[in-house]
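Good morning, and thank you for coming. I would like to take you through one protein model, stopping at a few selected places.

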Amino acid sequence: MIEEPVRKRVLLANPRGYCAGVDRAVQTVEEALNLYGAPIYVRKQIVHNKHVVATLERRGAIFVEENAEVPEGATVVFSAHGVAPEVHEQAKARQLRAIDATCPLVTKVHQEAKRFAADDYDILLIGHEGHEEVIGTAGEAPAHVQLVDGPDGVDKVTVRDPAKVVWLSQTTLSVDETLETVERLKVRLPLLQSPPSDDICYATQNRQQVVKQIAPDCDVLIVVGSRNSSNSVRLVEVALDAGARASYLVDYASEIDDAWLAGAATVGVTSGASVPEDLVDQLLDHLVERGFEDVSEVTTVDERLAFSLPQELKRDMKAAAAARAASAD
């Protein structure tokens, strides 16, 4: 009896890749380079993606860890992950032209932290220790914020008044793990309040949801993204929890080990919220060369949200456009 050849297929997740906040942040650096010329300094990685950072470096962006590394009077862009108020003060002290590319959804969490701190609440910030977004949010109200790093961190929580406690979260977490953390907190603190709206960003939730849908059918699910990208790492975890037999995180198609694909009939593909689409296209080409020519896109939601550029950059772009128009007359 002749065995039928295995039908190789790809389930391509949609939504995937760039979210509105990442698109805005990357465009901010590109437009700043166009407007002011190189170099443009960027505090921390503008987004957590190796390829995006390298591409912007080739255009003249210089990535630094702190404002002290930026020459006085130069232009600095703050990353999409947000910064603490003291970072803005440091920029003023060095007379830097600061452009804040913080994702508006992260800014929303910052505003929540300030508001609850003003009302003298204890704020339980669910997130990963050391992540830039957590550092920025905690910096808005350091005397009121304590970090809860997942369900295992719940037992360490201490509060002044159990009736005046609220939880906030990093925007790029696993939805399920965050809900588990909140439920455990509520066992200890029954009067725990929730933020006025969901802190985990729409893009993080949408990318996790479509992975949950395709994972049970996947022998392997490949996530394109960098290892310091929280939302990309979460996608691998979500895929495994949802039933994928294996899941891997890669920056580039060249990192795929052919042994991962041995015997696989269905490969799932997605990408983190800071990943440009051309990297996904390269991965799909890589899979086609290995017989995975049947690509089906699985769509769970149509994303249309867009954010405008930072006000300080738009103002200067408008002034430059007016000056060009005046000189042409």
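I begin with His81, which lies in the loop between β4 (75-78) and α3 (85-93); helices (H or I, at least four residues) and strands (E, at least two) are DSSP runs, numbered from the N terminus. This is a predicted model, in which local features need pLDDT of at least 70 and side-chain atom pairs count only at pLDDT 80 or more, while totals for chains, interfaces and linings use all residues. Residues are numbered from 1 along each chain as its sequence is written, and side-chain values use heavy atoms, with hydrogens and water left out.

Is His81 buried or exposed? Its relative accessible area is 11%, so His81 is buried; the term buried means under 20% relative accessible area, exposed over 50%, and partly exposed in between (1.4 Å probe, protein chains only). Not counting residues up to four places away in sequence, His81 touches Gln45, Ile46, Val47, His48, Val106, His131, Glu132 and Glu133, where contact means heavy atoms within 4.5 Å. The C-alpha atoms of His81 and Thr137 are separated by 9.3 Å, and the two are 56 residues apart along the chain.

Let me turn to the annotation. The unreviewed UniProt entry places the feature "binding site" at Cys19, Cys103 and Cys201; UniProt positions are given in the numbering used here, feature names are shortened, and annotations may be inferred rather than shown by experiment.

Cys103 lies in the loop between β5 (97-100) and α4 (104-118). With 11% relative accessibility, Cys103 counts as buried. Leaving aside neighbours within four places in sequence, Cys103 is in contact with Gly21, Arg24, Ala80 and Phe307.

Cys201 has its place in the loop between α6 (175-188) and α7 (202-214). Cys201 is also buried, at a relative accessible area of 9%. Residues up to four places away in sequence aside, Cys201 touches Leu105 and Thr171.

Finally, I come to a pair of helices. Which residues of α1 meet α11? They are Thr28, Glu31, Ala32, Leu35 and Tyr36, and their counterparts in α11 are Glu312, Leu313, Asp316, Met317 and Ala320.

Thank you for your attention.
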